[in-house]
Amino acid sequence: MENNQNPIQNPLQVELQAEQAEGIYSNLVFIAHSPSEVILDFARTMPGLQKPRVFARIIMTPPHAKSLLGALEQNLGNYEKQFGTIPVLGTLPGNKDKPDHMGFTS
């Protein structure tokens, strides 16, 4: 007899050390890719600062990057349902959902 039920999955146990729990603030992300990876460089820029500094580099496979995109879309959708529409800064006139660049480059 074939069992079509999904096996019960245990929740993933994640360790978060104090240093990482503080988080890193970023207001600028540089995105690059190759055939096998997507690279996200999280940086900070401030007025008068000539050269933004990268504080974290995340390298992932394209399938994981696409999963991240889906998770962000879902979570931001939930956020907007609870708190209202998030304004997108730097949008072009008549294109309210697509920022001109808004600190994200590819």
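Asp 41 has a relative accessibility of 12% and counts as buried; the term means under 20% relative accessible area, while exposed means over 50% and partly exposed lies in between, with a 1.4 Å probe and protein chains only. Arg 57, at a relative accessible area of 54%, is exposed. These values belong to a predicted model, in which local features need pLDDT of at least 70, side-chain atom pairs count only at pLDDT 80 or more, and totals for chains, interfaces and linings use all residues. Residues are numbered from 1 along each chain as its sequence is written, and side-chain values use heavy atoms, with hydrogens and water left out.

Asp 41 and Arg 57 form a salt bridge, with 2.6 Å between the closest N and O atoms. Arg 57 belongs to strand β3 (residues 53-60) and Asp 41 to strand β2, so the pair ties together parts 16 residues apart in sequence. The structure holds one salt bridge, defined as a side-chain nitrogen of Lys or Arg within 4 Å of a carboxyl oxygen of Asp or Glu. Side chains of opposite charge can pair when their charged atoms come close.

## Strands around β2

Strand β2 (residues 38-44) runs antiparallel to strand β1 (residues 28-33), and six bridges join them. Strands are DSSP runs of E with at least two residues, helices are runs of H or I with at least four, and both are numbered from the N terminus. Two strands pair if DSSP finds at least two bridges between them.

Five of the seven residues of β2 are buried, so the strand is mostly covered.

## Ring contacts

The charged end of Arg 44 sits over the ring of Phe 55, 3.6 Å from the ring centre. For this term, NZ of Lys or CZ of Arg must be within 6 Å of the ring centre and within 35 degrees of the ring normal.

The structure also holds one aromatic pair. Tyr 79 and Phe 83 have ring centres 4.8 Å apart and planes at 45°, so the pair is tilted. Rings of Phe, Tyr and Trp (its six-membered ring) pair if their centres lie within 6.5 Å; planes under 30 degrees apart count as stacked, over 60 as edge-to-face and the rest as tilted. Both residues lie in helix α2 (residues 62-83), four residues apart, about one turn of the helix. Tyr 79 is partly exposed at 41% relative accessibility, and Phe 83 is exposed at 54%.

## The chain as a whole

The protein chain has two helices and six strands, in the order α-β-β-β-α-β-β-β along the sequence. Of its 106 residues, 10% count as buried.
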